[in-house]
Amino acid sequence: MYVVMGAGGKTGRAVALGLLDQDRPVRVVLRPGREGQDWKERGAEVAHADVHDAAALTTAFTGARAAYVLNPPDYASGDMHASARDVAANYAQAANAAGTRLVALSSIGAQHADGTGNIATTHLLEQALRPLGASFVRAGNFLTNWLPSLPAMREGVLPSFFTPLDHPVPHSAVADIAVTVVRELLRDDSRTVELAAAADYAPDDIAAAFAQALGRDVIAQTVPREQWRAVLAGMGLPDAAIDNWVEMWDAFNSGRIRFEGTPERGATSAAAFAAAAVAGTAESGG
């Protein structure tokens, strides 16, 4: 049995479907209140647990050979790092009690304990789970993070917090993450895999990929740093979350957030992702 957390989101759904495609027994874990009938119809077991409930997680993990876990960022929290510590401790307690091996979604830059904003939550996850023999898949910036800008790109503009606009940044695609996680769930050893898309992409490259897919010019434009807080506040983020976002973008742009080694390359290119996004078939969700 393989347990998949976050099956209602991007990577969890893709991992669960990948396991089911291989005829592996799957138990998806949903938030309390979500029925999961669609998963039952696909042949998966359905369990319910909140990531802050160690007892419920233990029940969900029991009987599983391995489980895929991730730490959903708690942007609404006044202290998302404290929330992340609690989630990581609950995963560790549940995995230890159930005897379940873990494969966790981590991030580029997770080697740093601080100075990386949101990404520091993945460092906390690694620190808590590494003593248990967990494996980690460190992903680059999600290509799906560009999807909220698709309406603007249809008007010819791609706003970017990354700067300079011609500086390539490691990205990752949900499909490639899922393939890698499924592979790691089926292994018995523990390791850290750094994973990137087919190439690294600068904002200019992303704009060019969407220009081709849309059949119109798309120009990347830097969001001035002095406007970051106002832009993020306009997205409804609280002050504490804004602080973390600003620190994260600064760390990307300074080069602090980077892979430790040479990453594995997935199959997904920016051009393929952009074409799928414009066609309405790109990965989306929470």
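Tutor: Let us begin with handedness: a crossing is right-handed if the near helix is turned clockwise from the far one by less than a right angle, and left-handed if the turn is anticlockwise. Please keep in mind throughout that this is a predicted model.

Student: Which hand does the crossing of α4 and α5 have?
Tutor: The crossing of α4 and α5 is right-handed, so by that convention the near helix is turned clockwise from the far one.

Student: Why is α4 called roughly parallel to α5?
Tutor: The axes of α4 (residues 80-98) and α5 (residues 120-129) cross at roughly 25° and come within 9 Å. Angles under 35 degrees count as roughly parallel, and therefore α4 is described as roughly parallel to α5.

Student: What makes the contact between these helices, and how many of its residues are nonpolar, polar and charged?
Tutor: On the α4 side the contact is made by M80, H81, A84, R85, A88, Y91 and A92, and on the α5 side by A120, T121, L124, L125, A128 and L129. By class, the contact has 10 nonpolar, 2 polar and 1 charged residues. Because Arg counts as charged, R85, which is among the α4 residues listed, belongs to the charged class.

Student: Turning to the sheet, what is the order of its strands?
Tutor: The sheet is open, with 8 strands in the order β3-β2-β1-β4-β5-β6-β10-β12, and the pairing is parallel. The edge strands are β3 (45-48) and β12 (264-265), each of which pairs on one side only.

Student: How do you know that β4 pairs with both β1 and β5?
Tutor: Pairing requires at least two bridges; β1 (residues 2-5) and β4 (residues 66-69) have 3 bridges, while β4 and β5 have 4, so both cases meet the criterion. In the first, V3 has A67 of β4 as its bridge partner, and in the second, Y68 has V103 of β5.

Student: What makes β5 a mostly covered strand?
Tutor: In β5, 7 of its 7 residues are buried.

Student: Why is G12 called buried?
Tutor: G12 has a relative accessible area of 0%, and buried means under 20%, so the term applies. G12 lies in helix α1, and its contacts include V4, M5, G6, A7 and Y68.

Technical notes: Residues are numbered from 1 along each chain as its sequence is written. This is a predicted model: local features need pLDDT of at least 70, side-chain atom pairs count only at pLDDT 80 or more; totals for chains, interfaces and linings use all residues. Side-chain values use heavy atoms; hydrogens and water are left out. Helices (H or I, at least four residues) and strands (E, at least two) are DSSP runs, numbered from the N terminus. Axes are lines fitted to C-alpha atoms, for helices over the stretch in contact, and angles run from 0 to 180 degrees between N-to-C directions. Angles under 35 degrees count as roughly parallel, over 145 as roughly antiparallel, 65 to 115 as roughly perpendicular and the rest as oblique. Contact means heavy atoms within 4.5 Å. Buried means under 20% relative accessible area, exposed over 50%, partly exposed in between (1.4 Å probe, protein chains only). Lists of a residue's contacts leave out its neighbours within four places in sequence.
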